[in-house]
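Biologist: Hi! Could you walk me through this structure in plain words?

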Amino acid sequence: MNREEAQFILQAYRPNSEDAHDPQFKEVLALAALDPVLGRWFADEQAMDAAFAAKLRAQPMPADLKSQLLLARATIRHRAWWRQPVWLAVAASVALLLALGGWQLRPEGGEARLGEFRSAMAVAALDMNEHVEVFGLDAPALKVWLTEHRGHPDFVLPPKLAEHGVMGCKIVEWQGHRVTLLCLKFDGGHADIFVANAVDLPGLALGAAPQFAVAGPFTTATWQREGKIYHLAGNFPADQLKQLL
Amino acid sequence: MDVDEMDYEQAVALYHEDLHRFALSLTRNADDARDLTQESYCRLLTKSGQVRDRAKVKSWLFTTLYRVFLGWKRHEKRFPHLEITANEHELPMLTPETVDKMDSSVVLEALQEIEEHHRTPLVLFYLQSLSYREIAEMLEVPVGTVMSRLSRAKAALRTIVTARAAQPSDTNVVPLPSKHRNLSKSS
């Protein structure tokens, strides 16, 4: 090994690290100990590295970063929303209100089942404590996440709705079936779209044309397309919701 | 493996500063660096099943941060690359003492002028957080390539810092003695 080759390896050596146990570094360190010119060069190199490393470490750290990271643990958890007492209470209240409304209208069969589905999804949309499990994923990463979590990666949104982009998502369950919640980005508003397999939720009496309804605080639209059921719930007027479909 | 409360607290306590420094070197922006650090820890909470071995949490965090950064860069183009324009033939000599006297922001700005795929191994070299094998796995290149990039990045950093130090200054950069230094050959 000539001096230039030794320098190439030595320039990568980091003192006080596991590099000292690497046979490649051991060999060139031995060379540097025997060759005064190489030894001087190495000492200069180490001093320069230490000076730059110190400057990198001297960058001020945001004072609240650590506390924010610890706080994140409290807001991103895996526990299912229906297991939380506060949301059980909200769910019960919303379900009761919707059930009372439903009793007055006396819907039957598929319509009643659709009403139950709307109620359950309204509860999930109201859960602002653990609204989504992941957020900030780009489209490919979102599909990977949904595949890994047995969600519905093959969803197709109406073009105007798709323009808003998915902010976050999670998987909820309804009557033992998995439903994907996609939280959409809106300025000054909020909308979630739920996606389920139509075969999992038979008898909902849905077609390609959206059915509009009010569920709790949400205006909703529900439709079926290519084997999927889509349920959009937004906190804005029906006219605005219709423009998205 | 699920990351329990203790693991997560430990991962924050032990690695968040170096992760933030790494993020800052990549993003050139304190807000983006904070977002990137937070996103990495969020993913640790939500995807801890991907971490097979507790000893790998650190390299998993660094790799995740780097991949999230690459994703942002690909989709948002918010981290434009700055070309190195310094003339290295007529620059005075840079010494460790000169670097010691510089403001750390000058060094960080110089780092950020280096092309990202050279800058990343250099920053990881200075932080000493990962082994060369881990850095190579993160960058998906052989260890030899990491060392070549490191060598070029070190030379580039010195060139840029030297050029900045040699400029007539309205900043806090300390002037250098006027000597030449061959960066790649022994003296």
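**Confidence first**

Modeller: This is a predicted model. Chain A has an average pLDDT of 81, and 83% of its residues score at least 70.

Biologist: Which parts of chain A have the highest and the lowest confidence?
Modeller: The highest mean belongs to helix α3(A), at 93, and the lowest to helix α5 (residues 85–105) of chain A, at 53. The pLDDT also falls below 50 over residues 77–85 of chain A, a stretch with ten contacts in the model beyond near neighbours in sequence. Over residues 102–107 of chain A the pLDDT stays under 50 too, and here the model has five contacts beyond four places in sequence.

Biologist: How should I treat stretches like that?
Modeller: Where pLDDT is low, the predicted coordinates should not be read in detail.

Biologist: OK, then let's look at α3(A). How far apart are its end C-alpha atoms?
Modeller: They are 31 Å apart. Helix α3(A) covers residues 36–57, which makes 22 residues, and at 1.5 Å a residue these should span 32 Å, so the two values agree.

Biologist: Which of its residues are buried?
Modeller: The buried ones are Trp41(A), Phe42(A), Met48(A), Asp49(A), Phe52(A), Lys55(A) and Leu56(A). Looking down the axis of α3(A), you would find the buried residues within an arc of 150°, so they line one face of the helix.

Biologist: Why can a helix have a face like that?
Modeller: An α-helix has 3.6 residues a turn, so residues three or four places apart point the same way.

Biologist: And what is exposed on the other side of α3(A)?
Modeller: Pro36(A) and Ala43(A) are exposed there.

Biologist: Let's switch to the strands. How many form the sheet in chain A, and in what order?
Modeller: Seven strands form an open sheet in chain A, in the order β1-β2-β3-β4-β7-β6-β5, with antiparallel pairing. The edge strands are β1 (134–135) and β5 (211–215) of chain A, each of which pairs on one side only.

Biologist: What holds strands together in a sheet, in general?
Modeller: Strands of a sheet pair through backbone hydrogen bonds, either parallel or antiparallel.

Biologist: Take β4(A). Is it mostly covered or mostly open?
Modeller: Mostly covered: strand β4(A), residues 191–197, has six of its seven residues buried.

Biologist: Which strands does β4(A) pair with?
Modeller: One partner is strand β3 (residues 177–184) of chain A, joined to β4(A) by five bridges in the antiparallel sense. Within that pairing, Leu182(A) has Ile193(A) as its bridge partner, and Leu181(A) has Phe194(A). Strand β7 (residues 228–234) of chain A also pairs with β4(A), antiparallel and over seven bridges. There, Asp192(A) stands opposite Ala233(A) of β7(A).

Biologist: What does β7(A) do with β6(A)?
Modeller: β6(A) and β7(A) run antiparallel and are joined by seven bridges. Gln224(A), for instance, has Ile229(A) in β7(A) as its bridge partner. The two strands form a hairpin with two residues between them, and Glu226(A) in the turn has a positive phi of about 45°.

Biologist: And how is β5(A) paired with β6(A)?
Modeller: β5(A) pairs with strand β6 (residues 218–225) of chain A in the antiparallel sense, over five bridges. Ala215(A) stands opposite Phe218(A) in β6(A). The hairpin of β5(A) and β6(A) has two residues between the strands, and Gly216(A) takes a positive phi near 60°.

Biologist: Now chain B. How many helices and strands are there?
Modeller: Chain B has eight helices and zero strands. Of its 187 residues, 43% are buried. Among its contacts between residues at least 6 apart in sequence, 75% join residues at least 24 apart.

Biologist: How many residues of chain B are in contact with chain A?
Modeller: 38 residues of chain B are in contact with 36 residues of chain A. The residues on the side of chain B that touches chain A divide into 18 nonpolar, 13 polar and seven charged.

Conventions
Residues are numbered from 1 along each chain as its sequence is written. Chains are lettered from A and ligands numbered from 1 in the order in which they are written. This is a predicted model: local features need pLDDT of at least 70, side-chain atom pairs count only at pLDDT 80 or more; totals for chains, interfaces and linings use all residues. Helices (H or I, at least four residues) and strands (E, at least two) are DSSP runs, numbered from the N terminus. The expected span of a helix is 1.5 Å times one less than its number of residues. A residue is buried if 20 or more other C-beta atoms lie within 10 Å of its own, exposed if 12 or fewer, and partly exposed in between; C-beta atoms are placed from the backbone. The arc is that of the directions from the helix axis to the C-beta atoms. Two strands pair if DSSP finds at least two bridges between them. pLDDT is the predictor's confidence in each residue, from 0 to 100. Two residues are in contact if their C-beta atoms, placed from the backbone, lie within 7 Å. Ala, Val, Leu, Ile, Met, Phe, Trp, Tyr, Cys and Pro count as nonpolar, Asp, Glu, Lys and Arg as charged, and the others, Gly among them, as polar.
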